Amino acid sequence: MAGFWGKKTKDHDTGVSADFQHALMQEVMTTELLRIKALIATALVLCVIVTIVYFFATEAVARVWHGNLTPRYLYSIIGPFILFEWWVHGSIKRHMKRGRDLPLYRRYIGALIETSMPTVALALHIDSMGSVTALGFVAPMIYFIFIILSTLRLDFWLSTFTGAVAATQLFCMAIFYHPAADADPSIFYHAARSLIVLVCGVLAGAVGHQLRRQFETSIKAATARDRITNLFGQHVSPQVVDRLMAEGTRTDSDIRRVAVMFVDFRSFTAGARTRTPQEVVSRLDGAFAILVDILDRHGGIVNKFLGDGFLALFGAPLEAPDPAHRAVAAAREMLEANARVNEATSWPLRIGIGIHLGEVVAGNIGSPRRKEYTVIGDTVNFASRLEALNKDFNSQFLISEAVRDALGEACGDAVSLGEVEVRGYERPMAVWRLG
């Protein structure tokens, strides 16, 4: 019932909450515009029908309305009503363009004015037909048009308010236009009719509230998915996005133990000089598609593309019990897949891979307007240096001592390259070659 009272549940992720609230506001205002268009169309249709009946069933009109109905009575009600609705429509459009919501008090004032229109029509009918006939004729049924369309407000209390206004005004009209005692139905008769109108308003509110909840669910899922895609990039697979949403993975900064992989295509720039831009993009896209698919299967994600290479993570943002094993298995498969592709292409590519295991600071980094999920720290720097050493050793796959120790017996084919001078580090670091 919290949604009925308009209470907002606090979202732990303010970014998603802000996007969600804005998207929901736009959706509610869009359905409000639809409701107004439906009301205007209904008013025009009723105007046309009554006008046709007036001119082509003159005798019936004179008998029912005792000769007191003329089109000007109809136009005097529908004309101002349409102008009012058109003004409300324009006001909502202006608020949408500014990204602002329509004030709540204006919604209630609008509902009060709209729902009073059938009351004016009922008063004219009573003057023409008499109270008993008019109250049993079509005018009271017009209230249901407003109640039904109030579901498009997606607000329980606005629909209930519409039903309450209709029920109150109908009951007051019945009491105010009190006929002779012998022709007057019991007060309970009018109260029961008004009660049904009120109940319909409550039911319409319940339907509108349920629709709003469904909108909220779909919008929240869409905004969360969009935000995850913005943070991690479009190269994150749909499966990873689904896991991030399902597990509610935190993206604020924290310390993670991850396997960091750098991948680079050696001498790619030199090969690109002799080819057209279309050939370069096509070759690179095809190679990335294969490698990223392998990463997805081993539980890794591409954190960012770096020209003709990329940075991949195992263990962030999704937890991984054995990030080093996953990273090395993915790297081995990537080398095999690239070798197969090279056999079938006129532009073979040589891969350089470097993997290091350690702690990083992982989280959202950037300006308030644009943030990106990334990792920083010495682990990342050393993994990058490892990959660059492939050029010096004419190798394709280098790992750190931390990765070798984590693999244990699964790393039996590792070849030690000894203590290697690494740019940016004061002392030599142990480096191992795989593949």
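Helices (H or I, at least four residues) and strands (E, at least two) are DSSP runs, numbered from the N terminus. By that rule, Thr217 lies in helix H8, which spans residues 187-232.

This is a predicted model, in which local features need pLDDT of at least 70 and side-chain atom pairs count only at pLDDT 80 or more, while totals for chains, interfaces and linings use all residues. Residues are numbered from 1 along each chain as its sequence is written, and side-chain values use heavy atoms, with hydrogens and water left out.

**Overall make-up**

The protein chain has 14 helices and eight strands. Of its 435 residues, 45% count as buried; buried means under 20% relative accessible area, exposed over 50%, and partly exposed in between, with a 1.4 Å probe and protein chains only. Contact means heavy atoms within 4.5 Å. Among the contacts in the protein chain with a separation of 6 or more, 72% are between residues 24 or more positions apart.

**Nonpolar cores**

In soluble globular proteins, nonpolar side chains tend to be buried together. A nonpolar core is here a set of buried Ala, Val, Leu, Ile, Met, Phe, Trp, Tyr and Cys residues joined through side-chain atoms within 4.5 Å. The largest such core holds 41 residues, and Met261, Ile353 and Ile355 have the most contacts inside it. Leaving aside neighbours within four places in sequence, Ile353 is in contact with residues including Met261, Phe262, Val263, Ala331, Met334 and Leu335. Its partners also include Glu387, Asn390 and Gln396. A second, separate core has 21 residues, among them Ile36, Ile40, Cys47 and Phe81.

**Helix pairs**

For the pairs below, axes are lines fitted to C-alpha atoms, for helices over the stretch in contact, and angles run from 0 to 180 degrees between N-to-C directions. Angles under 35 degrees count as roughly parallel, over 145 as roughly antiparallel, 65 to 115 as roughly perpendicular and the rest as oblique.

| Pair | Angle | Axis distance |
|---|---|---|
| H4 and H6 | about 165° | 8 Å |
| H4 and H7 | about 25° | 9 Å |
| H11 and H12 | roughly 150° | within 9 Å |

Helix H4 covers residues 104-129 and helix H6 residues 142-149. Their angle makes H4 and H6 roughly antiparallel to each other. On the H4 side the contact is made by Glu114, Thr115, Pro118 and Thr119, and on the H6 side by Ile142, Tyr143 and Phe146. By class, the contact of H4 with H6 has four nonpolar, two polar and one charged residues; Ala, Val, Leu, Ile, Met, Phe, Trp, Tyr, Cys and Pro count as nonpolar, Asp, Glu, Lys and Arg as charged, and the others, Gly among them, as polar.

H4 also packs against H7, at an angle of about 25°. That makes H4 roughly parallel to H7. Residues of H4 that meet H7 include Arg107, Tyr108, Ala111 and Leu112, and those of H7 include Trp157, Leu158 and Phe161. The contact of H4 with H7 divides into 13 nonpolar, five polar and one charged residues.

Helix H11 (residues 277-297) and helix H12 (residues 323-343) cross at roughly 150°. That makes H11 roughly antiparallel to H12. The contact includes Arg283, Ile290 and Leu291 of H11, and Ala330, Glu333 and Met334 of H12. Eight nonpolar, one polar and three charged residues form the contact of H11 with H12.

**Single residues**

Leu154 lies in the loop between H6 and helix H7 (156-176). Leu154 has a positive phi of about 55° although it is not a glycine. Its relative accessibility is 2%, so Leu154 counts as buried.

Asn394 is in the loop between helix H13 (378-393) and strand S6 (397-400). Phi of Asn394 is near 55°, a positive value in a residue other than glycine. With a relative accessible area of 60%, Asn394 is exposed.

Met96 is found in helix H3 (residues 71-97) and counts as buried, at 19% relative accessibility. Not counting residues up to four places away in sequence, Met96 touches Gln26, Met29, Thr30 and Leu33. Met96 and Thr30 are 66 residues apart in sequence and 8.8 Å apart in space, C-alpha to C-alpha.

Thr217 is exposed, with a relative accessible area of 55%.
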